[in-house]
Amino acid sequence: MSIATDLKSRLRLPVIGAPLFLISGPELVIAQCKAGIVGSFPSLNARPIEMLDHWLTRINDELAAHDSAHPDRPSAPFAVNLIVHKSNTRLQEDVELCVKHRVPLVICSLGAREDVYEAIHSYGGVVLHDVINQFFARKAIEKGADGLITVATGAGGHAGVQSPFALVQETRAWFDGPIALSGSIATGDAILAAQAMGADFAYIGSPWIATTEANADATYKQAIVDGSAQDIVYTNLFTGVHGNYLRSSIENAGLDPDNLPQSDPSKMNFGSGGSSKAKAWKDIWGCGQGIGAVQAIGPVAAVVDRLEAEYIAAKARVLG
């Protein structure tokens with residue numbers, strides 16, 4: 001059985017909840033997994049390092065208890081996102097804790113390292129690597145990643161500029177392993193569309209910000225509900241890497257979203273705000289272009305229910 005087939009057999013929907021910096025914590029991850037989709041969080045959300053150990057223990061224990069109580073609908077696996085960039089000084093400790101707790105899925109970002117992949121593989125874990133083009137996709141697979149998260153234009157946070165049609169098609173032309181597609185996916189119709197293009201999974205981020213379990217400011221959540229694609233600004237000012245952010249948060253920081261300077265890519269900083277005094281992601285809010293589908297703040301379970309209903313209706317409409 002392939003990795004993609006095995007993973008999909010354990011999911012209610014072919015959906016991976018994207019890790020959200022500062023926002024994803026145990027509450028959100030556990031709710032996503034109990035609802036039947038992959039829940040994930042960036043390891044750097046757990047600070048200090050001792051908290052990561054605590055979070056992983058809690059997630060494993062609560063999901064095991066859920067599975068024992070609900071053998072007919074067990075939880076989905078969870079994932080931890082590792083930033084493999086040289087600026088992450090605690091990467092090795094994070095990897096060791098992932099091995100200790102046997103994290104089922106690990107999502108690597110901003111760097112491909114064989115030693116990281118090998119450590120996760122040592123206990124049977126699966127590694128997905130997020131990429132924005134074929135250069136990085138091939139590099140990740142060559143170094144040992146099991147699958148790819150293709151980050152297309154319109155995705156929240158750090159995002160690429162390629163159309164999802166081109167990015168998935170060109171990846172699928174040479175890679176037959178698991179592919180997740182990221183970029184403005186916020187409805188069940190879009191999940192089905194991702195599969196139709198050749199992806200195995202939809203990689204969804206921004207809709208989870210407007211959930212009761214998300215560790216986000218109430219104003220941030222409401223901005224997701226009130227916003228649409230035209231409210232998203234693409235810039236590299238805040239971290240040195242191009243990404244999508246909510247226009248209102250940029251304006252609230254006293255900046256003009258239509259006249260932002262360029263940042264020096266060689267000075268990446270994934271928390272301080274790059275060359276701006278405003279801090280990403282605390283002051284400047286990451287967000288994707290799909291938020292027009294988010295109509296209210298509510299629990300994760302309700303969002304998954306909506307996505308499933310839309311997905312089933314879309315399949316019936318398309319397949320007859």
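**Close-up views of a parallel sheet and its neighbours**

**View 1. Eight strands side by side.** In this predicted model, an open sheet is built from 8 strands, and the pairing is parallel. Reading across the sheet, the order is β1-β9-β8-β6-β5-β4-β3-β2. At the edges stand β1 (15-17) and β2 (39-42); each has a single partner strand, so one side of each is left without a neighbour in the sheet. Going from one strand to the next, the twist averages 25°.

**View 2. The pairing of β5 with β6.** Let us zoom in on one pair of strands. Strand β5 covers residues 126-131 and strand β6 covers residues 147-151. The two pair in the parallel sense, over 4 bridges. A handy landmark here is His 129, which stands opposite Leu 148 in β6.

**View 3. Two helices packed on the sheet.** Helix α3 (residues 49-69) packs on the sheet, where it touches β2 and β3 (78-83). The direction of α3 makes about 160° with that of β3. Helix α4 (residues 91-100) also packs on the sheet, touching β3 and β4 (105-109). For α4, too, the angle to the direction of β3 is about 160°.

View 4. Look for His 101 in the loop between α4 and β4. Is this residue, His 101, buried or exposed? His 101 counts as buried because its relative accessibility is 12%, and the cut-off for buried is under 20%. Leaving aside residues up to four places away in sequence, His 101 touches Asp 53, Leu 56, Thr 57 and Asn 60.

Definitions and conventions
Residues numbered from 1 in each chain as written. Predicted model: local features only at pLDDT ≥ 70, side-chain atom pairs only at ≥ 80, totals over all residues. Heavy atoms only, no water. Pairing = 2+ DSSP bridges. Axes fitted to C-alpha atoms, helices over the stretch in contact; angles between N-to-C directions. Contact = heavy atoms within 4.5 Å. Buried < 20%, exposed > 50% of the residue type's maximum accessible area, 1.4 Å probe, protein only.
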